[in-house]
Amino acid sequence: MNDMTLYLTIALLPLAGCLLAGLFGSRIGRAGAHTATILGVAASAVLSMYVLWGFIDGSRAKFDENVYTWLTMGGVDFSVGFLVDTLTAMMMVVVTFVSLMVHIYTIGYMKDEAVGYQRFFSYISLFTFSMLMLIMSNNFIQLFFGWEAVGLVSYLLIGFYFKRESAIFANLKAFLVNRVGDFGFILGIGLVLAYFGGSLRYADVFAYLPQIQTATISFFPGVEWSLITLTCLLLFVGAMGKSAQFPLHVWLPDSMEGPTPISALIHAATMVTAGLFMVSRMSPMYEMSTTALSVIMVIGAITALFMGFLGIIQNDIKRVVAYSTLSQLGYMTVALGASAYSAAMFHVMTHAFFKALLFLAAGSAIIGMHHDQDMRHMGNLKKYMPITWMTMLLGNLALIGTPFFSGFYSKDSIIEAAKNSTIPGSTFAYYAVLASVFVTAFYAFRQYFMVFHGKEKWRETGHHSDGHDDGHHHGLGKNDNPHESPWVVTVPLLLLAVPSVIIGYIAIEPMLYGDFFKGVIYVDSEAHPTMRIMAEEFLGATGMALHSLQTPVFYLMLAGVAAAWLLYAKAPHLPAKIQTAVKPVYTLLENKYYLDALYFNVFAKGSRALGNFFWKAVDTLVIDNGAVNGSAKAVGALAARVRKMQTGFIYTYAAMMVFGVLVLLGLVFWRLFA
């Protein structure tokens, strides 16, 4: 199998599974649908691992070729093409492996669904195909296709329970917020096409960069912008929407309305990492604009800290993990701003494994609780669900950056990158990510202690709903016991737990300080020396973990865990008292900094008011009553007056003819003698 065939096979197998499950789902049944999609994604995952191993052992070379020219217009080719290098190969493995785990897990999670089972498998396979097309692209047009495709499929998945009003609201919100980001993204691509050599292929654009290094662009007289800075910032607006950066983050927590497997798929390996991947791929462009890097770093720092605060007060088990995702995406964005692209992508990889693990473990707990997601109704689940308990604990230890766990290596590297950066805003970013260490440890272990330790609180509440919400949230009775999830749920948990623990130790040296990203990610080490300084200070994977025991990061993490243990395991009566004492702060967090209210009242209602104005003032008054009906009325009025001239008497018409002839003769004489 040649390289072209191999890469086409990897990309198209999930699409084939999607079409089988989607178009023929009623014929092949539930078992046929999940078998077809799982086989497609599994084969794609195995082949992706084969590709990555080829890069690791040096037997595979970078591939950059067009597959198909879709359109040629004005000398510009709009093509489908693949660029496969170490960055792409790493992402291919992450996307297909996590997707495979989610596919297997879905069999157990969705087994009680009366309708939509085949449709769900079709959607998640289509999601995988879309993400592969995005990360394998070698040009901006294909990148944009994949970009929009993951947005569309996420809309379908978030609104999977389309009879539930909250799900419809959530998927519309995700779609609209992403459109805001995508508007900036397509403007950035437009600037690339207009000013970067007339090509949309990455290699051509990067080769042309030296010629526009000092170029400026002006929209208003006397005001000039750096072309490269403006282009980078517009592309990053797209990343802000897709990777849920402040203030375009509001869609992501609400995406929890979809079933748990898609929460893991959207938040772990696919959609939210698209923006981070794009900025890393465009590193030659971003290295030319310190201003753009500074903006990226500050936005990432705000997201990391302030979204972490929101995770502290959540009671829905999935929403805690969702806000954790927002915070971790902020960390990755800080790394991008510090020119530590390799550290950002390293955290993308480690985070994909432990965040997928946390979501799927949360889903397992939800299954055990008969689809009750409120942590206030849980407690002591470790007694009944030992595999879920252990895997959730491992995932949380990786999330908070426990030494030797995968999250530690990537997260600490980002904190070090912020500390060593010389880019404006780096001091704020460093203290923000440092404070986030405590916040992350606190909300992660708050969740852990509320769910797996303490009293069995469902016995006190006897929580039951009225049977609405499609029967998905009925909870346990006072005398019911939770039970461990079936093997199709627990096996993916165990398989994800392995890389969540060990992948950081194995991969940090080659990915951050070795040649893994050589020739793929570009860093101007003179202007942005962060990674060079970190390489000089690197002590090896073991040395880094041992050295961390002397750093403030480690003690902030311990303090967060200790505070969570004190408040939610030792003295669970205290949180209510603290909440009362800091009521204004709690209200601010509960209302999510009032950003949702602001967007709804200003933009949603404002758009509606503006629409009503244009409808009544422009459409009805000017167009309908003015241009359309007005012209008809004017013609009617004129016709009514002219009609009176039609008397039916010959002498009237004769007089008019004589009058017309006299006027005509008068005009002729005037022209002759004037």
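How are H17 and H22 oriented to each other? In this predicted model, residues are numbered from 1 along each chain as its sequence is written, local features need pLDDT of at least 70, side-chain atom pairs count only at pLDDT 80 or more, and totals for chains, interfaces and linings use all residues. Side-chain values rest on heavy atoms, with hydrogens and water left out.

The axes of helix H17 (residues 406–420) and helix H22 (residues 541–548) come within 11 Å and cross at roughly 70°; axes here are lines fitted to C-alpha atoms over the stretch in contact, with angles running from 0 to 180 degrees between N-to-C directions. H17 and H22 are therefore roughly perpendicular to each other, a label covering 65 to 115 degrees. On the H17 side, Phe408, Tyr409, Asp412 and Ser413 make the contact, meeting Ala541, Thr542, Met544, Ala545 and Ser548 of H22 (contact means heavy atoms within 4.5 Å). That set splits into 5 nonpolar, 3 polar and 1 charged, with Ala, Val, Leu, Ile, Met, Phe, Trp, Tyr, Cys and Pro taken as nonpolar, Asp, Glu, Lys and Arg as charged, and the others, Gly among them, as polar.

Zooming out, the protein has 27 helices and 4 strands, these being DSSP runs (H or I, at least four residues, for helices; E, at least two, for strands) numbered from the N terminus. Of its 674 residues, 55% are buried, that is, under 20% relative accessible area with a 1.4 Å probe and protein chains only. The C-alpha atoms fill a box of roughly 115 × 65 × 60 Å along the principal axes.

Definitions and conventions: Angles under 35 degrees count as roughly parallel, over 145 as roughly antiparallel, 65 to 115 as roughly perpendicular and the rest as oblique. Buried means under 20% relative accessible area, exposed over 50%, partly exposed in between (1.4 Å probe, protein chains only).
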